[in-house]
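Let's take a friendly walk through this protein together. Have the sequence and the 3D view at hand as we go.

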Amino acid sequence: MIDTKTVGTVQVLTLSSGPVNAQDVELLDELTSAVGQLRGAGAGALVVTGAGRAFSAGVDLNRVVQGGASYTDRLVPALSAAFEAMFSYPGPTVAAINGAAIAGGCVLACACDRRLIGPEAQIGAAEVRVGVPFPVAALEVMRYACGDHAEEVLLGGLTYRGPDAVARGLAHRVVADGLLEAAVAEASELGGIPAGAYRQTKTQLRAPAMARIREGRDIDDEVRQTWGADETLHRIAAYVERLRRRG
């Protein structure tokens with residue numbers, strides 16, 4: 001589900017799971033493992049993108065409905081681990097947002113240092129509209145990325161394109177042609193910065209967010225319970241049905 005290849009000095013990780021690269025426990029665990037292995041091997045710059053027409057449309061809600069609380073008890077920690085692994089990766093990371101990056105897909109993109117987005121790609125944190133709270137790692141990643149726009153993005157739950165996404169911190173620039181090539185070039189350029197200086201600076205910048213993530217384990221217990229509650233599962237099932245009817 002995670003294809004890794006080397007392009008010059010850059011490792012390119014491509015999510016490949018179904019038509020919209022939906023996030024389930026297996027994909028998230030594989031992503032966390034892949035990033036951890038690259039970190040342990042001392043790999044430099046990373047690019048993250050999605051196969052096909054989507055970056056990642058977020059959590060596989062059908063699996064949530066089918067699996068119930070026993071599944072969400074595994075899913076919430078898997079989400080947190082994947083987001084934290086990407087956010088805390090010491091080298092440069094660049095997201096090539098080739099298509100829809102919704103909810104968990106948005107968080108994954110925002111965990112990267114730089115975000116390049118195609119002109120038609122939609123990005124947004126839609127969790128509140130689905131009816132689920134954010135794991136602490138997800139919320140802190142979004143707070144860091146969006147800054148003063150975090151409340152608008154997280155409480156509004158809307159999706160954005162192009163300059164509107166850039167204005168809210170969800171992306172850094174719009175790339176009309178050669179998105180992946182542009183992301184690799186940017187990652188390569190950042191990878192040319194002395195690694196120790198980059199790592200130390202990135203660690204210091206993200207230290208407050210990482211501290212809140214590590215202090216928020218009790219909050220994640222509440223988040224996990226909310227995701228697995230019957231009321232939440234019924235709400236998610238209704239949301240999935242509405243999406244199905246829209247086609």
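**A covered helix and its surroundings**

In helix α5, the buried residues are Val136, Ala137, Ala138, Glu140, Val141, Met142, Ala145 and Cys146. Keep in mind that you are looking at a predicted model. Helix α5 spans residues 136–146 and is mostly covered, with eight of its eleven residues buried. What do these buried residues pack against? Their partners are α2, α3 (104–110), β7 (114–117), α6 (150–156), α9 (195–215) and α10 (217–228).

Helix α1 (residues 25–40) and helix α2 (residues 61–87) have axes that come within 8 Å and cross at roughly 15°. Angles under 35 degrees count as roughly parallel, so α1 is roughly parallel to α2. The crossing of α1 past α2 is left-handed. On the α1 side, the contact is made by Val25, Glu26, Leu28, Asp29, Leu31, Thr32 and Val35, while α2 contributes Arg63, Tyr71, Arg74, Leu75, Ala78, Leu79, Ala81, Ala82, Ala85 and Met86. Sorted by type, the residues of this α1–α2 contact are twelve nonpolar, one polar and four charged.

Strand β1 (residues 2–7) pairs with strand β2 (residues 10–15) in the antiparallel sense, over six bridges. Within this pairing, Ile2 stands opposite Leu15 in β2. β1 and β2 form a hairpin with two residues between them, and Gly8 in the turn has a positive phi of about 65°.

Note on methods. Residues are numbered from 1 along each chain as its sequence is written. This is a predicted model: local features need pLDDT of at least 70, side-chain atom pairs count only at pLDDT 80 or more; totals for chains, interfaces and linings use all residues. Side-chain values use heavy atoms; hydrogens and water are left out. Two strands pair if DSSP finds at least two bridges between them. Helices (H or I, at least four residues) and strands (E, at least two) are DSSP runs, numbered from the N terminus. Axes are lines fitted to C-alpha atoms, for helices over the stretch in contact, and angles run from 0 to 180 degrees between N-to-C directions. Angles under 35 degrees count as roughly parallel, over 145 as roughly antiparallel, 65 to 115 as roughly perpendicular and the rest as oblique. A crossing is left-handed if the near helix is turned anticlockwise from the far one by less than a right angle, and right-handed if clockwise. Contact means heavy atoms within 4.5 Å. Ala, Val, Leu, Ile, Met, Phe, Trp, Tyr, Cys and Pro count as nonpolar, Asp, Glu, Lys and Arg as charged, and the others, Gly among them, as polar. Buried means under 20% relative accessible area, exposed over 50%, partly exposed in between (1.4 Å probe, protein chains only).
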